Amino acid sequence: MRVTLDVPMSLGDIAAAVGVTPSLSANPLIRAITTDSREAREGDLFVALKGRVTDGNEFITSATERGAFTLGSTDESDLRVADTEESLLTIAKYYKNTSLTSLQHTVAITGSVGKTTTKEFLRRLLSRRHKIHATEGNYNNTIGVPLAVLSAPCDTEILILELGMNSTGEIARLSECINPTVGVITNIGTAHIGRLGSREKIAEAKLELICGMSPDSSLYVPYGEALLEGYGRKTFSTSSPYATVAVLGKPDVNVLLRGAPIGISPFLPEGHHHRECLAAALSAALEISDISGTISSISEISECDTRARIRAINDFFILDDSYNASYESINAALYHLFALHGYNRKSVLLGDVLELGEFAEEIHLKIGRLLARFSPAEIYLYGDYAGFTARGALIMGVEKDHLHAFGTGNEQELANTISSRSTKGELILVKGSRGMHLEKIIEYIS
């Protein structure tokens with residue numbers, strides 16, 4: 001990825017920030033930073049990151065031939081450092097502190113489910129009155145977040161960053177890079193439980209958010225979440241009026257701030273989980289901006305601000321939420337599916353939930369039981385754990401004729417089954433972990 005700096009930095013300043021001496025006597029201005037040598041241009045800084053498959057240090061010569069300066073861990077680098085990923089975080093922190101001179105607040109959003117939707121809702125709530133820069137897509141890791149910071153215009157007033165993680169320590173590093181003034185933990189679920197071992201450990205990892213926050217920063221957590229009790233002095237809720245910010249009611253939204261009603265406004269996207277994301281977003285927005293303007297902006301939120309997209313294929317429709325999955329997000333997606341109106345019937349295509357470790361069989365059985373509660377017209381399952389999900393559904397009374405399980409490698413057969421059994425005007429939810437590549441099945445159907 002290549003990002004252009006709104007305020008160029010000198011190579012000497014970057015070297016000083018990461019604590020090294022440049023190998024060059026010149027001190028050129030750096031106007032862009034790239035992590036892909038193929039995108040490197042003359043005068044860029046190429047940061048040689050070490051990935052799972054390739055080591056960016058192997059492409060330092062290629063980047064140099066393109067006219068770029070280089071930061072790597074070999075002698076050929078213009079700036080030689082021990083850890084290029086940590087250096088990228090350091091450069092982003094330096095840029096944020098020295099170049100974003102109009103910056104008033106940095107909001108960090110983490111949690112097991114709902115990070116992206118909460119981020120997009122918050123962007124919508126604040127963009128009418130503030131200059132916003134936010135994480136694009138899912139660039140929420142130790143590479144994406146610093147690049148998001150480095151791509152921020154110099155007149156940015158509010159920086160909204162989504163923080164993800166795969167292991168302990170990652171959110172701490174991100175938080176120490178961006179120093180949030182407002183933090184939001186959307187929830188504690190089971191995503192990555194296979195790596196971390198328990199919801200308690202997941203909560204500890206999410207609470208690393210406070211590592212980069214000052215004592216006068218604000219942290220919002222879900223009201224009533226026992227694993228976060230005592231950490232967030234401020235809370236949000238969709239069920240309790242005792243939270244700092246509560247979003248109650250349906251279909252209209254009754255917003256309570258510290259128990260006092262502050263406005264009623266229509267909320268367009270349907271589904272309880274969207275109200276949870278709204279409550280989380282409002283918490284941050286009301287910390288930053290005026291009440292009346294924030295509340296009036298609720299009506300501007302639309303289905304386009306949510307991750308799931310509806311697309312027409314042949315004579316039926318796909319609710320594409322295939323980016324990622326956990327038990328909690330599948331539950332939310334099913335509520336969303338069955339809250340939508342105007343479709344002849346509704347079915348589900350689920351891929352495996354990955355990174356569950358020893359909990360995989362148990363959670364897929366639980367997902368099967370969850371499906372039975374919603375009673376989709378057809379249930380299509382795909383992956384190595386499809387049999388466990390099917391078993392959970394059958395135990396709860398789902399009819400075998402409407403349950404179709406396929407192992408990995410049977411994408412075309414699955415697509416053919418969906419095409420042959422779908423009806424005109426049907427809506428099919430597609431959801432699974434990113435590693436299941438469910439977009440391929442959608443392509444086969446198309």
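This is a predicted model: local features need pLDDT of at least 70, side-chain atom pairs count only at pLDDT 80 or more; totals for chains, interfaces and linings use all residues.

Visitor: Start inside. Which residues touch the most other members of the largest nonpolar core?

Guide: Ile33, Leu45, Ile91, Leu150 and Leu163 do, in a core of 78 residues. Helix H12, residues 360–374, contributes the most to this core, with 7 residues.

Visitor: Take Leu45. What does it touch?

Guide: Leaving out residues up to four places away in sequence, Leu45 has contacts that include Leu11, Ile14, Ile30, Phe69 and Leu71. Ile33 and Ile91 are also among the residues that Leu45 touches.

Visitor: What does the second core include?

Guide: That separate core has 30 residues, among them Leu122, Ala134, Phe236 and Cys277.

Visitor: New topic, the sheet with S20 in it. What's the strand order?

Guide: The order is S15-S16-S20-S17-S18-S19, an open sheet of 6 strands with mixed pairing. Strand S15 (309–313) and strand S19 (403–406) are at the edges; each has a single partner strand, so one side of each has no neighbour in the sheet. From one strand to the next, the twist averages 20°.

Visitor: How does S20 pair with S16?

Guide: Strand S16 (residues 316–320) and strand S20 (residues 427–431) run parallel, joined by 4 bridges. Across that pairing, Phe317 stands opposite Leu427, and Asp320 stands opposite Val430.

Visitor: And with S17?

Guide: S17 and S20 are parallel too, with 5 bridges. Leu427 in S20 is the bridge partner of Lys346.

Visitor: How many residues of S20 are buried?

Guide: 5 of its 5 residues are buried, so-called mostly covered. Leu427, Leu429 and Lys431 point one way, while Ile428 and Val430 point the other way.

Visitor: Why the two directions?

Guide: In a regular strand, side chains alternate between the two faces of the sheet.

Visitor: Back to Phe317. What is its ring paired with?

Guide: The ring of Phe317 pairs with that of Tyr343, with centres 5.6 Å apart. Their planes are at 75°, and edge-to-face applies to planes over 60 degrees apart, so the pair is edge-to-face.

Visitor: Where do the two sit in the chain?

Guide: Phe317 is in strand S16, and Tyr343 is in the loop between helix H11 (327–339) and S17. They are 26 residues apart, so this pair links distant parts of the chain.

Visitor: Now loops. Where is Thr156?

Guide: Thr156 is in the loop between helix H5 (144–150) and strand S8 (158–162). Thr156 has a relative accessible area of 1%, so it counts as buried.

Visitor: What is around it?

Guide: Thr156 touches Ser102, Leu103, Lys131 and His133, not counting residues up to four places away in sequence. A polar atom of the Thr156 side chain also lies 2.7 Å from the backbone oxygen of Pro153.

Visitor: And Ser217, buried or exposed?

Guide: Ser217 is buried, with a relative accessible area of 9%. Ser217 is found in the loop between helix H8 (199–206) and strand S10 (218–222). A polar atom of its side chain is 3.2 Å from the backbone oxygen of Pro180.

Visitor: Last one, Glu229. Buried or exposed?

Guide: Glu229 is exposed, with a relative accessible area of 64%. Glu229 lies in the loop between S10 and strand S11 (234–237).

Key. Residues are numbered from 1 along each chain as its sequence is written. Side-chain values use heavy atoms; hydrogens and water are left out. A nonpolar core is a set of buried Ala, Val, Leu, Ile, Met, Phe, Trp, Tyr and Cys residues joined through side-chain atoms within 4.5 Å. Buried means under 20% relative accessible area, exposed over 50%, partly exposed in between (1.4 Å probe, protein chains only). Contact means heavy atoms within 4.5 Å. Two strands pair if DSSP finds at least two bridges between them. Axes are lines fitted to C-alpha atoms, for helices over the stretch in contact, and angles run from 0 to 180 degrees between N-to-C directions. A polar contact is a pair of N or O atoms within 3.5 Å; within protein, one must be able to donate a hydrogen and the other to accept it, and residues adjacent in sequence count only if both atoms are side-chain atoms. Rings of Phe, Tyr and Trp (its six-membered ring) pair if their centres lie within 6.5 Å; planes under 30 degrees apart count as stacked, over 60 as edge-to-face and the rest as tilted.
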